[in-house]
Amino acid sequence: MPIIIENLTHTYMPGSVTQFTALYDINLTVEDGEFFGIIGHTGSGKSTFTQHLNALLQPTTGRVLVGGQDINADKISRRNVKWQVGLVFQYPEHQLFENTVLADVCFGPMNQGLSREQAEEEAKKALAHVGVKEENFTKSPFELSGGQKKRVAIAGVLAMNPKILILDEPTAGLDPQGRDDILDQIAALHKMRGITIILDSHSMEDIAKYVERLIVMKHGAQVFDNTP
């Protein structure tokens, strides 16, 4: 399921005195199954860009096509888009809310219409894929370390079986060992599931080690598109 971005521009608060253009005329294609990186300093437009890929933000001008469909078209279900294109935010505690890890990861699949038993099956599979041990399933997600919270947040998206997974600064706040662990797990996940993974980071070291292709963002513009 390729993603095609055509002439994407995004302006926050247009027409106001605080109007600010965060993205300028982005054009690119992310191929099906690609491990794709986005690199740039804080404020370069990385997060604004990734939030367009599952219709969390809508373009001021331009289009985002997923599987050939304009995800902002009137006839398109935003809910289905978010199931196909999973987004894990930089701070996982913003995505965790249930009493136990297993219940948290079950939430998405149950919203898709799965039974409790089916949702638990998908949740356990997703938790295993990100390296969360069964002994943690009954714990509160808020008892876990920062790295484990990130794994549970990723599992919560994976349990809905998205075709595309977007990770916004997944190593933020982690120590070097935690950073390497989570990135190794993401790389293993890409090999296991074969899904498209889009990794956004300000760390060139992280990006260069793992992705197959990257773009560099600067002041809202795409200034480079090539292999690491």
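Analyst: Let's start with a term: on a 1 Å grid over the protein atoms alone, a pocket is an open set of points where a 1.4 Å probe fits, with protein on both sides within 12 Å along at least five of seven lines, and its lining residues have an atom within 4 Å of a point. This is a predicted model, so local features need pLDDT of at least 70 and side-chain atom pairs count only at pLDDT 80 or more, while totals for chains, interfaces and linings use all residues. Residues are numbered from 1 along each chain as its sequence is written, and side-chain values use heavy atoms, with hydrogens and water left out.

User: Okay, what volume does the largest pocket have?

Analyst: A volume is the space filled by probe spheres set on the points, which are joined across faces, edges and corners. For the largest pocket here, that comes to about 490 Å³.

User: Which residues lie nearest its centre?

Analyst: Of the 20 residues in the lining, look for Leu87, Gln95, Gly156, Val157 and Met160. Helices (H or I, at least four residues) and strands (E, at least two) are DSSP runs, numbered from the N terminus. Now find α2 (78–84), β6 (85–88), α3 (101–111) and α5 (146–158), each of which supplies at least two lining residues. Helix α3 gives the most, with four.

User: How many nonpolar, polar and charged residues are in that lining?

Analyst: Ala, Val, Leu, Ile, Met, Phe, Trp, Tyr, Cys and Pro count as nonpolar, Asp, Glu, Lys and Arg as charged, and the others, Gly among them, as polar. The largest pocket's lining has 11 nonpolar, six polar and three charged residues. Now try the second largest pocket, with about 150 Å³ of space: its lining has no nonpolar residues, but eight polar and three charged ones. Among them are Lys46, Asp168, Glu169 and His202. Helix α1 (residues 46–50) gives the most to this lining, with three residues.

User: And sheets? What is the order of the strands in the open sheet?

Analyst: Strands of a sheet pair through backbone hydrogen bonds, either parallel or antiparallel. Two strands pair if DSSP finds at least two bridges between them. Here four strands run in the order β2-β1-β4-β5, with antiparallel pairing. Strands β2 (20–30) and β5 (69–70) stand at the edges with a single partner each, so one side of each has no neighbour in the sheet.
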